[in-house]
Amino acid sequence: MKLLNVGYGNVVVAARVIAVVGSSAAPIRRLREEAGGRGKLVDATQGRKTRSVIITDSDHVVLSAVQPETIALRLSGAGDDGEDGP
């Protein structure tokens, strides 16, 4: 099982990720609010500014302080620097 580092010691199972998007668009803000209302919002920002939103196949929405481009590189394996788990 490959884990994806989403910043500050937080990881997500890479196979469950459907999309990684920026956090500034209005539809993403609505998606974030709806997920919070359903209890499916995971805040992995550690109090920092949300830069990306990760959507999983379990309908969870994960907030990350890492840029979407960085997460995409980690997900593709191109930025594999040993930070994404054992």
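On one side of helix 2, Glu69 and Ser76 are exposed (over 50% relative accessible area, with a 1.4 Å probe and protein chains only). The buried residues of helix 2 (residues 68-76), those under 20% relative accessible area, are Pro68, Ile71 and Arg74. The model is predicted: local features need pLDDT of at least 70 and side-chain atom pairs count only at pLDDT 80 or more, while totals for chains, interfaces and linings use all residues. Residues are numbered from 1 along each chain as its sequence is written, and side-chain values use heavy atoms, with hydrogens and water left out.

**Helix 2 and its surroundings**
- The cover over the buried residues of helix 2 includes strand 1 (3-7), strand 3 (17-22), strand 5 (52-56) and strand 6.
- Gly77 follows helix 2 and has a positive phi, near 95 degrees.
- An α-helix has 3.6 residues a turn, so residues three or four places apart point the same way.

**Overall architecture**
- The protein has 2 helices and 6 strands, where helices (H or I, at least four residues) and strands (E, at least two) are DSSP runs numbered from the N terminus.
- From the N terminus on, these elements run β-β-β-α-β-β-β-α.
- Of the 86 residues in the protein, 33% are buried.
- Among contacts (heavy atoms within 4.5 Å) with a separation of 6 or more, 49% are between residues 24 or more positions apart.

**The nonpolar cores**
- A nonpolar core is a set of buried Ala, Val, Leu, Ile, Met, Phe, Trp, Tyr and Cys residues joined through side-chain atoms within 4.5 Å.
- The largest such core has 10 residues, among them Leu4, Val12, Ile54, Val62 and Ile71.
- A second, separate core of 6 residues includes Ile28, Ala35, Val53 and Leu63.
- In soluble globular proteins, nonpolar side chains tend to be buried together.

- Val62 is found in strand 6 (residues 61-64) and counts as buried because its relative accessibility is 7%.
- Leaving aside neighbours within four places in sequence, Val62 is in contact with Val12, Val42, Ala44, Ser52, Val53 and Ile54.
- Val62 and Arg32 are 30 residues apart in sequence, and their C-alpha atoms are 8.8 Å apart in space.
- With neighbours within four places again left aside, the contacts of Ile54 include Val6, Val17, Val62 and Ile71.
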